[in-house]
Amino acid sequence: MVQEIIFIVLAAVLIGAALGVITARNPVHAALFLVLAFVTSAGLWLLLEAEFLGIVLVLVYVGAVMVLFLFVVMMLDINTATLRQGFARYAPLGVVVAAIVAVEIGYVVWSEKLGVTFGTPVNHPAEYSNTRELGNVIYTSYVYPFELAAVILLVGIVAAITLTLRRRAGTRSQDPVKQVRVSAKRGRVRLVNMPSEPRHGGDGK
């Protein structure tokens, strides 16, 4: 009974945080709502005895990814007025997409044809390792999809770097090849002999 109450509270907070992400006018507030959604999702993972996934969700997404999101949002100086203009235009399309996703989730959960059954999580003993079970599943049954996802993420990183790397005229950059070829005797320090200039003081000296 207590777990059901905690689940209902966390689920309600998660739904409210998700709505706050897409309805918040301030991008920083939207990012903070996303943090709240991640934390409540981690609580739901803990209820399912998936402690490893809950900890990873907090450490990786809340501790690293969301900090990066906040830095990007605060450094880009996004014009929120322009973003608000398209909200009303695309709101009907968003409602249609949300309804389709809700119908698909309901079909998966309550459809008897798919043979999906959701019961009460099995209580495991204290020495049960959730991390070991997850590793056994990923690196045995789903090793090829896991490696394929890693390759796709690597390709995405390379593509993002390639798209953002631009050659601009007038910018200063270092040439590592020239830096390595510099010798200790020449090219590092240049001594310039400059004549001294007389000081101009109040007394004329």
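Let me start with a term: a residue is buried when its relative accessible area is under 20%. Keep that cut-off in mind. One caution: this is a predicted model.

Start with Phe38. Its relative accessibility is 17%, so Phe38 counts as buried. Phe38 also has an aromatic partner, Tyr61. The structure holds two aromatic pairs, and this one is tilted, with 5.3 Å centre to centre and 50° between the planes. Where do Phe38 and Tyr61 lie? Phe38 is in helix 2 and Tyr61 is in helix 3, residues 51–76, so the pair ties together parts 23 residues apart in sequence. Tyr61 itself is partly exposed, at 38% relative accessible area.

The other pair is Tyr139 with Phe146. That one is edge-to-face: 5.4 Å centre to centre, 70° between the planes. Phe146 is partly exposed, at 37%.

Ser41 is buried, with a relative accessible area of 19%. What does Ser41 touch, leaving aside residues up to four places away in sequence? Leu14 and Leu57.

Now helix 1, residues 2–23. At 1.5 Å a residue, its 22 residues should span 32 Å. The end C-alpha atoms are 32 Å apart, which agrees. Which residues are buried in helix 1? Leu10, Ala17 and Gly20. They cover an arc of only 80° around the axis, so they sit on the same side of helix 1. What covers them includes helix 2, residues 27–47.

Definitions and conventions:
Residues are numbered from 1 along each chain as its sequence is written. This is a predicted model: local features need pLDDT of at least 70, side-chain atom pairs count only at pLDDT 80 or more; totals for chains, interfaces and linings use all residues. Side-chain values use heavy atoms; hydrogens and water are left out. Helices (H or I, at least four residues) and strands (E, at least two) are DSSP runs, numbered from the N terminus. The expected span of a helix is 1.5 Å times one less than its number of residues. Buried means under 20% relative accessible area, exposed over 50%, partly exposed in between (1.4 Å probe, protein chains only). The arc is that of the directions from the helix axis to the C-beta atoms. Contact means heavy atoms within 4.5 Å. Rings of Phe, Tyr and Trp (its six-membered ring) pair if their centres lie within 6.5 Å; planes under 30 degrees apart count as stacked, over 60 as edge-to-face and the rest as tilted.
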